[in-house]
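Here are a few notes to read with the model open beside you.

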Amino acid sequence: MSDTDNQGIPEPEGRADIIETDYEIGQDNLETKLGPFRIDIHNPVFAISGIAVILFVAIALIWPEGARDTFLSMRDFVKSQFDWFFLMSANLFVIFALLLIVSPWGSVRLGGTEATPDYSYIAWFSMLFAAGMGIGLMFFGVLEPVYYFGTPWGDQPLGGELGIVDGVVASEAAVAEARQRAMAATIFHWGLHPWAIYAIVALALALFSYNKGLPLTIRSAFYPILGERVWGAWGNAIDTIAAFATLFGLATSLGIGATQVASGLTEVFGSGEAADGTRNFLGFLWGNADSSSDSSLLLVLIIAFITAIALVSVLRGLDGGVKVLSEINMGFAALLLVFVFLVGPSLDIIGDFFKGLMGYARDIVPLSNPVGREDTGFLHGWTTFYWAWWISWSPFVGMFIARVSRGRTVREFLIAVLLVPSLVCVFWMATFGGTAISQVVEGATESGVFQTVIANYSPELSLFAMLGELPLASITSMLAVVLVVVFFVTSSDSGSLVIDTITAGGKVDAPVIQRVFWCIFEGAVAAVLLLGAAGTAGLDSLQAMVISTGLFFTVVLLVMCFSILKGLISEKRSH
Amino acid sequence: MFKHLMVPVDLAHTESLGHALDTAADLAAHWGAKVTYVGVGTTTPGKLAHNPKEFAEKLKAFAKAQAVAHAIEADAHATIAHDPTTDVDDVLLHAIDEIGADLVVMQSHLPGLLDYVWPSNGGKIAGHAKASVLVVRG
């Protein structure tokens with residue numbers, strides 16, 4: 001045999017500390033034919049996840065009010081009773097990840113000492129954002145900083161003073177202070193903490209899959225604790241809850257995100273007057289004072305459209321679908337960012353970037369401390385909500401990041417997943433939030449942002465209100481709608497990929513029909529919930545339930561930290 | 001005639017490859033051609049192997065067994081797909097050029113209604129490869 005036999009293999013894999021287990025990946029799988037389709041699914045994870053989803057949708061449709069009351073109070077209970085647990089855990093994840101960067105274990109390479117990266121920096125980086133955070137940046141970029149700066153409902157970070165009271169802009173010093181605090185708190189929610197959460201999950205999965213040879217599913221990270229039992233009921237439960245949370249997280253976000261797309265479309269192409277209740281997009285009523293007249297059908301059509309594009313992307317696979325779309329969207333997002341930076345108040349934005357970072361450094365300890373807080377509105381309404389949200393999304397985003405991170409060293413991985421995205425988020429928030437705050441300071445009650453965030457709280461319009469006061473508003477608003485849609489497509493696509501891998505027992509070569517199934521299922525769940533009697537309330541209640549699963553996954557993440565440490569120690573020792 | 005045959009193999013389902021393997025071996029023996037068995041592996045651990053290297057070794061062993069059983073010259077070529085669910089066709093098409101095969105012998109199922117909208121691997125390869133392609137049924 002000649003040396004050319006290995007052509008096409010990334011490189012020889014070098015040394016890695018494989019875990020010896022008799023478990024064969026796919027041994028619990030059910031491989032059969034269903035009509036013309038071949039299927040290859042994990043038994044029972046696939047069935048239980050699917051049935052549980054249908055069950056919960058049924059509950060939300062049959063008892064809309066009961067479900068909403070139950071799930072919302074469950075979420076609020078989790079947020080208010082376990083705030084300390086979320087905050088302390090998230091702090092631990094940040095410290096743990098930062099320490100790993102400077103530790104000797106940082107040199108361990110994911111995939112073995114000789115592995116080479118599967119993706120270029122640009123492609124890798126684009127996919128990090130596309131899976132889990134792009135949509136959030138579009139939704140909260142204007143909303144969150146302005147909210148802290150000026151809303152009168154008393155949930156300001158650390159109980160700070162407002163920059164605008166009753167429509168009157170405060171003194172220059174007060175504005176500067178409120179502005180810096182608003183940026184600092186926003187950066188706190190979008191900086192190190194969420195990315196550390198994602199990084200922990202991704203690192204645990206990548207390490208146990210690429211270096212230890214275990215299947216690419218959440219349960220593998222529990223091997224150091226559960227041993228061979230991880231292949232049984234315990235592991236099934238962990239994987240099932242992960243698949244379930246991912247599917248519902250995606251479906252509810254898809255439904256809620258559709259409202260932002262509808263608002264954007266009406267903003268750009270709509271006709272009629274909101275005052276007369278005739279505001280519409282192509283005849284579908286939307287954006288009127290009486291929101292009950294909003295057309296659910298429009299939302300369902302938007303979901304169908306997004307799902308259809310996601311299906312094409314699913315069929316084209318990881319390299320031909322998600323990767324290409326992520327790179328395109330990264331280009332669009334950069335374009336929008338640079339445009340807003342240049343035509344917006346550039347100096348203010350630069351100021352917000354640096355002052356925001358300084359404020360972040362100043363406030364990070366009080367913001368992340370759960371003890372003796374008086375700003376409980378902010379603590380429970382924002383911080384704990386975010387932490388539970390990021391954590392409930394982490395199986396999905398983390399697993400997707402793991403999937404594309406083979407061949408990087410732990411240090412390189414953490415710098416690229418933790419530090420660089422945090423900085424990008426800071427710049428994004430400074431640009432969008434800073435521009436919006438400047439508009440509020442200059443125009444006061446006249447500014448569109450004031451109207452949509454402070455006077456009439458309509459969060460889905462805040463981004464468009466900010467863009468509306470800049471030149472070329474219809475072009476940039478259209479671009480923003482495209483960005484939101486494509487971020488949803490990439491989330492839906494990468495989510496289907498992740499759910500399929502989990503429900504196929506870690507197999508990545510299962511028949512594509514399974515991914516098609518999950519992709520359509522997500523869209524269908526969102527559509528059915530919207531068409532139900534409860535409308536978006538059905539979505540809200542199920543999203544509340546997903547966020548509650550954040551409590552469970554916080555425990556999972558804590559275990560993962562322990563597993564990572566154990567895994568890295570044995571990896572070093574084997575060298 | 002043909003000098004270099006390529007046979008795509010799914011090591012996880014070797015039982016379903018029967019006819020194609022025998023056909024390729026017979027043709028190779030007849031023409032004195034070399035056979036390269038091409039396998040598509042994954043970067044993640046799978047049923048067959050924990051990593052790409054282990055996969056390549058299994059494929060080599062498979063090729064060696066074929067060489068001995070049929071008294072032909074055989075080689076193995078392991079490739080990696082980031083996303084084998086959708087990329088197998090493209091990876092195989094690329095492999096044809098890479099190893100310079102002039103005939104591909106591959107197994108495929110009987111075409112059904114679904115193949116009109118969703119071609120089988122064999123259908124796609126036959127439709128796009130520059131080399132000759134022999135699709136073996138059943």
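1. S477(A) has a relative accessibility of 4%, so it counts as buried (buried is under 20% relative accessible area, exposed over 50%, partly exposed in between, with a 1.4 Å probe and protein chains only). You'll find S477(A) in helix α16 of chain A, residues 473-503.

2. What does S477(A) touch, leaving out residues up to four places away in sequence? Its contacts (heavy atoms within 4.5 Å) are V268(A), F464(A) and L467(A).

3. A word on the ground rules: this is a predicted model, where local features need pLDDT of at least 70 and side-chain atom pairs pLDDT 80 or more, while totals for chains, interfaces and linings use all residues. Residues are numbered from 1 along each chain as written, chains are lettered from A in the order written, and side-chain values use heavy atoms, without hydrogens or water.

4. Now for the interface: 27 residues of chain B are in contact with 42 residues of chain A. Together the chains bury about 3000 Å², with carbon and sulfur atoms giving 58% of that (buried area is the accessible area, 1.4 Å probe, lost when two parts are put together, summed over both). K47(B), H82(B) and T85(B) supply 21% of the area that chain B buries against chain A, more than any other three residues.

5. How many salt bridges cross the interface of chain B and chain A? The rule (a side-chain nitrogen of Lys or Arg within 4 Å of a carboxyl oxygen of Asp or Glu) finds two. In a salt bridge between D83(B) and R515(A), N and O are 2.6 Å apart.

Terms used:
Helices (H or I, at least four residues) and strands (E, at least two) are DSSP runs, numbered from the N terminus.
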